[in-house]
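Subject: Structure handover

Hi there,

Here is the structure I promised to pass on to you. Please have a look, and then read on for my notes.

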Amino acid sequence: MRRLITAAVIGFVLVLIVRFPARWLGPLLPHGIRCGRLDGSAWSGACTNLTRGGSTLGDLRWGLHALPLLRGRIDLQLDLTNQGSYLRGNVALGVGGALHG
């Protein structure tokens, strides 16, 4: 019985990690950055009407690559669109806060 409960808890945590809703990321945004609407998941999502300090930055889409997580890195592909302008980039944040571009 104990193994069944343990397996169920592990399964629940794995599903929660894989399906982590993007809207739960809102409170984790840095001070002064707001998102009008968060859609998708933490792995692949979108922020409509991204603003910083009252200035509109545009609409942001992201994709989180899973494999670098095994090396202790967060690797994101970011796409920012604002009134016909388009910016795309990859950003990786390593252990200890090292930023890689």
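How many salt bridges does the structure hold? There are two, where a salt bridge is a side-chain nitrogen of Lys or Arg within 4 Å of a carboxyl oxygen of Asp or Glu.

Before the details, a word on the basis: this is a predicted model, in which local features need pLDDT of at least 70 and side-chain atom pairs count only at pLDDT 80 or more, while totals for chains, interfaces and linings use all residues. Residues are numbered from 1 along each chain as its sequence is written, and side-chain values use heavy atoms, with hydrogens and water left out.

**Salt bridges**

Arg37 is exposed, at 53% relative accessible area, and Asp39 is partly exposed at 29%. For these words, buried means under 20% relative accessible area, exposed over 50%, and partly exposed in between (1.4 Å probe, protein chains only).

The other pair is Arg88 with Asp79, whose side chains meet at 2.6 Å, N to O. Here Arg88 is exposed, with 52% relative accessibility, whereas Asp79 is buried at 13%. As a general point, side chains of opposite charge can pair when their charged atoms come close.

**Strands**

Now to the strands, which are DSSP runs (E, at least two residues) numbered from the N terminus; two of them pair if DSSP finds at least two bridges between them.

Strand S1 (residues 33–40) runs antiparallel to strand S2 (residues 44–52), with seven bridges between them. The two form a hairpin with three residues between the strands, and Gly40 stands opposite Gly45 in S2.

S2 is also joined to S3 by seven bridges, again in the antiparallel sense. In this pairing Cys47 lies opposite Leu60 in S3. The S2 and S3 hairpin has two residues between its strands, and Gly53 takes a positive phi near 60° there.

Next, S3 (residues 55–65) pairs with S4 (residues 74–82), antiparallel and over seven bridges. Gly63 is found opposite Gln77 in S4.

Finally, S4 and S5 (residues 85–93) are antiparallel partners over nine bridges, with Leu80 opposite Leu87 in S5. Their hairpin has two residues between the strands, and Gln83 adopts a positive phi near 50° in it.

Best wishes

Methods. Helices (H or I, at least four residues) and strands (E, at least two) are DSSP runs, numbered from the N terminus.
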